[in-house]
Amino acid sequence: MNPCPNIRSGHNPAEIKQAFLDNLHCALGRLQATATRHDLYLALALTVRDRILQHSINSISARDGSNQRTVAYLSAEFLPGPHLANNLLNLGITDATRNALRELGHDLDPLLAQEEEPGLGNGGLGRLASCYMDSLASLEVPAIGYGIRYEFGIFDQVIRDGWQHEATDKWLRKGNPWEIPRPEIACDVKFGGHAEGFIDSKGRYHSRWIPESVVKGVAYDTPILGYHVATCNILRLWKAEAIESFDFAAFNHGNYDRAVEDKVASETITKILYPNDEAHQGKILRLKQQFFFTSCSLQDMLRIHRASGGLPADFHQRWAIQLNDTHPAIAVAELMRLLMDENGMGWDDAWPATHATFAYTNHTLLPEALEKWPVELFGKLFPRHLEIILEINRRFLDEVRVSFPGDDDRVCRLSLIDESSPRSVRMAHLACVGSHKINGVARLHSALLQETVLRDFAAMWPEKFRNITNGVTPRRFVAVANPGLARLITQCIGEGWLQDSDRLRRLEPFADDPGFQNEWRAVKLANKQLLAEQIAARTGILVHPDSMFDVMAKRIHEYKRQHLAILHILSLYLRLKRQPDGTQPPRTFIFGGKAAPGYLMAKHMIKLITATGDRINHDPEIRDRLKVVFFPDFNVKNAHFIYPAADLSEQISTAGMEASGTGNMKFSLNGALTIGTLDGSNVEIREEVGPENFFLFGLDAAAVAELRKNGYRPRDFYEHSTELREVIDFISSGELDTGERYLFQALVARLLDHDPYFLLADHASYLAAQTRAETLWLDPTAWTRQSILSTTRMGKFSSDRAIRDYCTEIWNITPPAPTPLHSRPYQGPRATALGF
């Protein structure tokens, strides 16, 4: 009798061990004795995937014939992070798997380290999308995430001579065991050509698109399992392929290049994440990418809808589509085209269905970040869509004129077409007009959105606007990234906090308990030791875990103000040079983040950080009292080391510039105290954790706006502050130039003459907040108490709460009662009409 009857689905160590060996031998053709560590990782990944697919198949079966609305999350980016540890956690088999591998002579942790991170996103936007996919599955809300299967993802960051260099992110070079190719699910996507009108047999006018070229989109599915529930959703990514990948006639005539020309041209669309769009060809490719994945996704939804018995007219009753920023906004015009041109609906029926389907999340307050595309380029690539957009605009502006008679300036501001030269299509406007709900991602952001960049839409349709403050998943960013802290929390309050983060409040009584404080500090110290080992391995810099770890890890941008932190560090350095016997506590400043390849000032900011580190770290008079580290290639995998180890979290962007931020939430969940401005979700974090547990500094958004309005003179702050002037002059003197004269002159000149992000105005307040943080650090009991309270009061910032808000406020969906993980018996593969 087979001792392991459930090899494909069982959860005990014996079943997992047998499945692992079967996959190693039968799927990979490897012997244990000669298998590489990566072979072992692949065998384990396939073993775990088998168990996930059981739930995926059952979830699809459960939806077959259901009238429940499905969420389609359209995002140009997803940053899921490594899958293996997260899936083990969600299945509840981490310990069983560790034991099974140990019996075979293997350790789980080195296999986890083998996984290549999917480089499908640039930063917060993609990570947020992945947090939401995790929560949608954990709350058992039917959902499909739609995006692009980039062959090469966000670049790998290499620091050479202190400068950022970009290396190709070949995340697929060894394969991806988590994805399932679905060649039977393919969509034709058109580009170029022209639109032509015709009269049908009933005398009705129609338009059809005659394309210049057609590309095929092929689906690749990654199952997304919820935490300790039976539901498994899908992340469906599209790869571009040629309709005919090989021209045999051209080959037979000796034209070998022409034989594969279509294949090369077509596959370029999904070759790389976010091509540099400064050049004209880059703009074309980026716009093609956006249309490609939205068209594939909408065609796929309509296919599923038809297969489940739905009609085009009731599409909006079965689907709720969320536009994650403006990248997929062209979906509004594409759904109109598909409903009218491909499904025979008239405008008066297609528009209400389209409008009821879409909702739009805005992620920026920067007007220049709201995408616009030249009308000439847009019409050349999508002639039919330009027709549709112009008609949407005509009808919309008629509404505006009725609501605001005689206000021609408002009509111009609201138009979907910017008439200034060159004429352009405003994608955020298209998203606003085509969506029934519009949301910001933090309370402050949502308010400023309605007061600034979208104020005319808020005046027109106040009922459309909502706030959904962002959230992060505690499963990934505590249970996976910080297992020591997760165990300590669970020992005190039980396991339920990973599904109901409000239960973290039950930890509050322990904040003053000396024994618990000692355990809390021990967990933090162990995490700092792990990060110190990584820093030594990656940079060669030795840091002391007993020092305060002051961390700023996020995209490098002037408004995020990494250079404000450097001004403070240099102040400390110069003070120690003057007063070597001062009481400065040891501090380690850790930076991480990538600069956009074409953003030269951000690259100079990285060089300023590394140059400062080179100066301080090699100064024998400073010894170990200050250390400065730039941790290269910040991503989700590296974040697993960084977030748990931070003592102080730097959230110092200019007030009114950050939409929300989610790194602030991840640091706080892991017990870091925050030094920050009243920007983005900092405002709500401070309210939750308590003002006494947040080192506040700087101008608020209203004060920034007032100072800008009245004429900001940054040089005045420089001239009236001895400490600021000393630091700026030190940078200007060439002391940090490392052989490159005048290296930082442009950066200094920008601060003194422009300072668009108000560093100098906030400098004195920032230094005062840093002094308060240092004072508290010298009292370990008080610091630990506030660290504990920081974690316990972060329940609001779970992505589960955010998804519940989307369900009630935007999607009109009621999350079902959770189904326990093992309550649906595996029934074997079953064909479904849905064809998910």
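I began with an open sheet of three strands, ordered β12-β14-β13 with antiparallel pairing (strands are DSSP E runs of at least two residues, helices H or I runs of at least four, numbered from the N terminus; two strands pair if DSSP finds at least two bridges between them). β12 (372-374) and β13 (417-418) are at the edges with a single partner strand each, so one side of each lacks a neighbour in the sheet. I found three bridges joining β12 to β14 (residues 424-426), and Pro-374 stands opposite Ser-424 in β14.

A note on provenance: this is a predicted model, where local features need pLDDT of at least 70, side-chain atom pairs count only at pLDDT 80 or more, and totals for chains, interfaces and linings use all residues. Residues are numbered from 1 along each chain as its sequence is written, and side-chain values use heavy atoms, leaving out hydrogens and water.

Next I looked up helices α22 (residues 514-539) and α33 (residues 780-792), whose axes come within 10 Å and cross at roughly 80 degrees (axes are lines fitted to C-alpha atoms over the stretch in contact, with angles from 0 to 180 degrees between N-to-C directions). The two helices, α22 and α33, are therefore roughly perpendicular (65 to 115 degrees). In α22, Phe-516, Gln-517, Trp-520 and Arg-521 make the contact (heavy atoms within 4.5 Å); their partners in α33 include Pro-780, Arg-785 and Ile-788.

Last, I checked which element gives the most to the lining of the second largest pocket.

Key: Angles under 35 degrees count as roughly parallel, over 145 as roughly antiparallel, 65 to 115 as roughly perpendicular and the rest as oblique.
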